[in-house]
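Let us walk through this predicted model one part at a time. Keep the sequence at hand as you read.

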Amino acid sequence: MLRNSLHLMALGGRHALMRWSLLTCPTRILPVEKQTQPMQIGWLLARSYAKGKDKKKEKGGKGKAGKVEINEQQLREIINLDSLNTQMEKSVQQMKEDFIKHLSLRSTSGSIDTLRIKVNGDEHELQELAQISRKNPKTIIVNMIAFPQTIPDVLRAIEKSGMNLNPQQDGTTLFIPIPKVTKEHRENLSKNAKSLFVKYRDAIRSVQNEHIRKLKNKPEVAKDDAFAAQTQVTAIADKYIAEADKLLASKQKELLGDN
């Protein structure tokens, strides 16, 4: 009996508290015990936002910036937009050409022909310095008799070409065995593709930084306008780098034989 009485008193006190809350706070529609729902909604919203941030994370833990609208008309008034696009596009195209010429599973005499050789600060294609032919399907012959003094430069360029070639020198003639297409050969070519990507990605960033540096040296441009322009220049660079990254992914898939 005593326990039942205490239970009824507790219930009575609870209902009294509910009635008091409704009377003293007329703007509240729900009773006190249901007031946890808005807190749950807020918590869910917070989690949804956190998930959104997590989705934006790239490798390395950095988040992608939101999409930036490019206002070409206003940007042209501040920087040389045509020059910016031309230089960045050139890097992407050069990378694409290097992929085709120097990163094939079967090295050909054609890719050797156009190999760039740096001699005394100037660049020349190998075919300008040597006679190139095939002894057989497995060997390329490079006759350097016209410019024998450039042989060390040629050997250095072949070593750094990423074609995984190992030339053998006999006097003024280079014999270049074409390597078999092994798993190791594929992996080496894939690594070289990544190295080329890094090279041209850095070139694009260099163009970006150069234009931003010039922008900062223009006192006549308002700070807000300068900041907006810097953001847009970075977004343009990001676009070209993303394009180069897609080319890299496609090339690596081809080289590694991924389906």
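Start with the sheet. It is open, has 4 strands in the order S3-S4-S6-S5, and its pairing is antiparallel. Strand S3 (131–136) and strand S5 (168–170) are the edge strands, each pairing on one side only. From one strand to the next, the twist averages 25 degrees.

Now look inside the sheet. Strand S4 (residues 139–143) pairs with strand S6 (residues 173–177) in the antiparallel sense, over 5 bridges. Ile141 has Phe175 in S6 as its bridge partner. Helix H7 (residues 151–160) lies across S5 and S6. H7 runs at about 10 degrees to S6.

Turn next to the helices. The axes of H8 and H9 come within 10 Å and cross at roughly 170 degrees. Angles over 145 degrees count as roughly antiparallel. H8 and H9 are therefore roughly antiparallel to each other. The residues of their contact divide into 16 nonpolar, 5 polar and 9 charged.

Take Met88 as a close-up. Leaving aside neighbours within four places in sequence, Met88 is in contact with Ile204, Val207, Gln208, Ile236, Ala237 and Tyr240. In soluble globular proteins, nonpolar side chains tend to be buried together.

Definitions and conventions
Residues are numbered from 1 along each chain as its sequence is written. This is a predicted model: local features need pLDDT of at least 70, side-chain atom pairs count only at pLDDT 80 or more; totals for chains, interfaces and linings use all residues. Side-chain values use heavy atoms; hydrogens and water are left out. Contact means heavy atoms within 4.5 Å. Axes are lines fitted to C-alpha atoms, for helices over the stretch in contact, and angles run from 0 to 180 degrees between N-to-C directions. Helices (H or I, at least four residues) and strands (E, at least two) are DSSP runs, numbered from the N terminus. Angles under 35 degrees count as roughly parallel, over 145 as roughly antiparallel, 65 to 115 as roughly perpendicular and the rest as oblique. Ala, Val, Leu, Ile, Met, Phe, Trp, Tyr, Cys and Pro count as nonpolar, Asp, Glu, Lys and Arg as charged, and the others, Gly among them, as polar. Two strands pair if DSSP finds at least two bridges between them.
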